[in-house]
Amino acid sequence: MGSSNNPFSKQRNSEHIKETLVKLTFIVFTYLIIFAALGIFGKIIYEGAPVLWQKGWSFFTKKPQTLFVNQVEKGEGIEIPAQNFDGLLANNPDADKWLTNVTEFEKTTEFIKFDLLSGSRIGSGYLGELESLNADVYVLYTERDTDAAVGFQLQAEKKISMQQSDYVALTKADHKLLPAETPERTVNLSDFELTIAAGEYPIGKDAHDALVPTELVFQMRQTFADDEPDKINLTLIPHEQTITVSADIYYAAFDEEERGTLPVKSEQEVPVSRTFRDFTLAAGSYITKPEALSILGKYGIQHQHDPLKGSIVLNKNITGLTVPKDFWGILTQANPSLKTANQSTVTADTAYIRFDISKDTEILLDTEDRESIASANEATGKFVTTSEQTHSYSGGGVIGPIIGTGLLVIICMLVALFTGIAASIFLNEYARAGGFVKTIRLAMLNLAGVPSIVFGLFGLGLFVILAPCVTSTPKTSSAMMVPLVKLGSKPELRVCEQQHIYICEKSNLSSSELTTIATANGSKLVYDGWIWLSLQGWGTSILAGGFTLAMMVLPVIITSCEESLSAVPMGFREASLALGASKWQSIRTAVLPYAFPGILTASVLGITRVAGETAPIMFTAAVAEKSELPWEGLNSTGFDKFLDFLQSSAQALPYHIYTVAGRIPQSEYTQPMQYGSVLVFMLIVMSFAAISIWLRARVRNKIKW
Amino acid sequence: MNQQDSANIDPTATLSGQAVTAAPTEAPDAPLRQDPAHTEHLHAKSITENALEGKTMIKIEDLSFSYDKGKTNTLRNISLDIPEKQVTAFIGPSGCGKSTLIRCLNRMNDLVETSCITSGNIKIMGQDIHAKEVSAIELRKQVGMVFQKYNPFPKSIYDNVAYGLRIQGIKKKSVLDEAVERSLKNAALWDEVKDRLKDSALGLSGGQQQRLCIARTIAVRPKVILMDEPCSALDPIATAKVEELMLELRKDFTIVIVTHSMQQASRISDRTAFFYLGELIEYGSTTHIFTNPTAKQTEDYISGRFG
């Protein structure tokens with residue numbers, strides 16, 4: 001028995017078992033963390049990597065789009081632009097099962113290149129189209145003539161049955177337009193006399209629109225947004241009223257389905273006879289007055305003029321415009337007094353793909369690809385879709401959210417680092433220990449513990465709707481306005497129109513009078529020749545979001561900056577001071593350089609934190625749907641453009657993930673986008689962490705003591 | 001090189017060598033530490049020529065100083081005249097206030113917010129340094145300081161020495177080059193580092209780093225150099241080199257040194273002040289203090305009975 005001689009032999013008693021059990025427990029819990037991490041990362045990578053692999057770079061370069069799931073009949077000779085064909089392949093990994101006879105060919109499209117001369121008259125819709133076709137063209141205009149002729153075109157002859165009242169107005173506006181013979185026709189119809197009780201009732205948008213032109217007095221509790229056609233809002237009928245409405249209004253507002261909502265106390269049919277004039281407009285181009293066009297618009301004549309305002313008179317030449325040939329035809333016919341020069345035909349060869357679909361199948365398409373394939377096969381009618389399902393945000397890529405998050409992080413870090421480093425230098429180097437510093441530290445500790453949604457609300461209240469702005473066109477909702485300088489130049493007419501700026505000719509009104517007048521005129525912005533300091537907020541913008549995130553990350557930045565500052569040996573400060581350096585000189589040359597690695601790490605950690613925050617940007621910066629990147633679609637120039645850019649909203653990655661994962665109906669088609677976005681997000685955050693580790697190691701190697 | 005080699009063998013040899021060059025008639029191999037008479041001899045000339053008749057550089061009058069807004073005085077009623085271009089040593093047990101006093105001389109105590117002078121004043125070159133119109137920054141350009149723990153910046157040797165000039169706004173390379181070379185030569189470091197001026201100062205040995213700190217201080221050409229236990233973190237060989245340097249520097253600078261080592265005080269200083277519990281017990285020529293102290297406390301301390 002050798003062991004009995006061993007004074008250190010292992011004791012197999014309960015104590016020993018307890019020891020082992022405790023150790024085992026610790027091991028199990030430790031491994032649990034690893035398994036949890038592996039599970040999460042594994043799942044995301046397992047699901048997300050194939051998406052990135054399949055979509056390739058296009059996932060990073062495309063904007064988020066709606067995904068169309070189309071049931072397509074088999075067909076031959078379907079054409080699609082080559083670039084969209086790539087999108088088609090990326091969305092349909094099973095394409096080889098139905099895709100046959102793929103051939104590449106060049107399709108020649110004709111364009112007209114021309115200069116538009118000063119003095120041209122053009123309809124606002126056509127001008128808008130020209131601008132959208134030529135990216136860098138934006139025409140300001142200073143003169144407008146409502147008597148200017150406008151034109152429209154009819155592809156085929158059009159039969160019109162016009163009410164007598166409109167007919168009279170039309171003949172007054174432009175009698176040359178109408179044919180000589182316009183037979184009169186009298187039709188017996190019914191009007192309805194209705195009595196409606198007072199009260200508060202829910203109505204839909206169609207009913208609301210029908211009621212607006214009637215004599216009924218009513219008040220809506222909320223307005224109808226354009227993108228929510230099915231919404232029901234409450235309407236208030238203040239007192240009992242009796243109105244007479246025509247049959248079409250009756251059926252729109254009081255028909256069977258709506259009857260329950262607006263209580264009709266009594267109704268009575270009143271027979272009326274209406275006179276109609278029937279005539280036919282032949283196919284071709286017409287030139288007429290805006291008022292005439294406005295009447296014809298009610299009878300289905302399509303045009304892109306603004307009949308209320310007539311044509312726009314250009315006051316400068318625009319050179320180098322390019323439009324497709326078919327649009328050129330429409331443009332010249334609809335705008336008879338267009339002065340053009342240097343007109344030439346340009347041809348462009350676009351790579352197209354022609355392919356067959358060998359069997360009825362399901363094809364997934366992004367919005368862009370779907371539009372181009374539909375228009376390319378419009379004439380031949382070979383691409384036949386039997387049914388179509390849409391899935392929001394499930395197509396395209398994530399470039400918008402990536403850029404939005406990047407901009408938010410940049411703005412946030414600029415603000416947070418300047419403020420944070422300044423505050424930590426003050427606290428660590430200048431401030432005397434005492435109540436003041438203690439209070440600040442307590443405040444910071446509390447701030448660090450505030451939930452991020454509270455920061456979001458704080459940002460909404462402070463930056464979105466209350467932050468100061470210096471502007472010549474303050475919002476009427478401004479909390480306070482202080483006049484600064486009198487300015488001469490008026491905002492441009494077109495800008496006024498687009499932004500609904502109310503121009504006040506008197507320049508000596510008080511701010512409250514000014515906002516009251518502008519509000520009464522239905523404008524949200526007002527101009528009176530002064531530059532105002534206005535507490536009106538920055539709106540839902542990357543600037544507001546960046547500042548909100550900065551407020552949130554500030555305690556973290558200050559704490560870690562202070563730590564890195566106090567880690568710098570006191571000896572450096574003393575040595576520097578003893579050499580005759582001033583306080584700031586010694587901080588700048590003997591403290592900050594050595595605190596730099598710590599500050600760097602803090603800021604990168606801050607970046608990863610703010611990049612991932614959803615709640616603070618929900619109310620302040622992020623939007624679910626935005627087809628333009630923040631710097632796109634801005635019509636201002638120079639510094640104004642930069643300000644507009646700062647005040648534009650953006651998509652952001654964490655909010656995008658929230659949208660695709662939580663706010664749209666889930667299906668197998670939405671999943672790839674979810675996992676893809678999460679994987680991209682994780683890659684970005686992890687690469688930031690890696691950069692921070694690498695940077696820190698590099699700087700730390702250079703500077704150490 | 002020779003001198004360095006011998007220094008490696010015997011720490012006292014360097015000083016002996018110094019003694020040879022300074023006073024060739026002295027016996028070069030006399031064991032320095034054991035013989036106070038030798039020390040006395042070494043300084044006999046300087047004391048007779050300088051110490052007793054030296055022009056006063058720093059005049060401390062009835063100084064009381066407190067770290068806690070005057071509740072307790074760390075220094076009490078200290079009056080002391082420090083002569084120009086001599087080495088004055090402050091000795092005394094830990095906590096006696098000698099470091100506090102030296103830090104008063106270039107107002108480094110300003111960094112402690114609750115500190116204040118409760119009575120008396122300090123005049124350097126005739127100017128009360130706590131007067132309102134005195135800038136601490138300008139004062140510190142004239143009164144440099146070398147700290148207990150050598151603290152070169154984590155920069156190159158060149159940048160360390162040029163630091164003081166650069167913060168004064170001197171950017172011209174030729175001026176900086178000249179000042180760096182002169183200072184390093186003055187600090188007896190030039191030969192050791194002239195080929196690696198761009199290397200990090202932290203690659204130097206402890207003694208070299210402390211001499212670099214001295215070079216950094218003299219680069220701004222102060223009138224006074226304060227040394228707060230400059231050798232306490234150094235080994236005997238490095239200590240010997242720094243001491244040798246101090247004896248060299250006293251030709252150009254007024255040096256005030258705080259030291260815990262009585263041998264060091266006796267080796268390098270012209271005058272010695274002994275502090276005990278915040279009071280100046282005795283002040284006089286080093287020879288006098290070490291051979292014939294007036295106060296009993298001084299005698300007890302230097303003979304090792306306490307402290």
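What percentage of the 307 residues of chain B count as buried? The figure is 48%, where a buried residue has 20 or more other C-beta atoms, placed from the backbone, within 10 Å of its own. The views below show a predicted model, in which local features need pLDDT of at least 70, side-chain atom pairs count only at pLDDT 80 or more, and totals for chains, interfaces and linings use all residues. Residues are numbered from 1 along each chain as its sequence is written, while chains are lettered from A in the order in which they are written.

**View 1. Domains of chain A.** An automatic or database domain assignment sets the bounds. Chain A is given domain 1 (1–35), domain 2 (64–110 + 346–396), domain 3 (118–156 + 283–338), domain 4 (160–281) and domain 5 (400–467 + 537–663). Between the C-alpha centres of domain 1 and domain 3 of chain A there are 89 Å.

**View 2. Chain B.** Chain B has 13 helices and 10 strands, taken as DSSP runs numbered from the N terminus (helices H or I, at least four residues; strands E, at least two). Among contacts in chain B with a separation of 6 or more, 70% join residues 24 or more positions apart; a contact means C-beta atoms, placed from the backbone, within 7 Å.

**View 3. Helix α19 of chain A and the side that touches chain B.** In chain A, 19 residues are in contact with 21 residues of chain B. α19 and α20 of chain A are the elements that give two or more residues to this side, and α19(A) gives the most, with 6 residues. The side has 11 nonpolar, 5 polar and 3 charged residues. Here Ala, Val, Leu, Ile, Met, Phe, Trp, Tyr, Cys and Pro count as nonpolar, Asp, Glu, Lys and Arg as charged, and the others, Gly among them, as polar. Within α19(A) (residues 570–578), the buried residues are F572(A), E574(A), A575(A), S576(A), L577(A) and A578(A). Their cover includes α20 (583–590) and α21 (592–612) of chain A, together with α5 (136–142) and β6 (143–146) of chain B. Just after α19(A), G580(A) has a positive phi of about 90°.

**View 4. Packing of α4 and α12 in chain A.** Helix α4 (residues 82–91) and helix α12 (residues 367–376) of chain A pack at about 125°, with axes 9 Å apart. Axes are lines fitted to C-alpha atoms over the stretch in contact, and angles run from 0 to 180 degrees between N-to-C directions. α4(A) and α12(A) are therefore oblique to each other, as angles under 35 degrees count as roughly parallel, over 145 as roughly antiparallel, 65 to 115 as roughly perpendicular and the rest as oblique. N84(A), G87(A) and L88(A) of α4(A) meet E368(A), D369(A), S372(A) and I373(A) of α12(A).

How values were computed
Buried ≥ 20, exposed ≤ 12 C-beta atoms within 10 Å, placed from the backbone. Contact = placed C-beta atoms within 7 Å.
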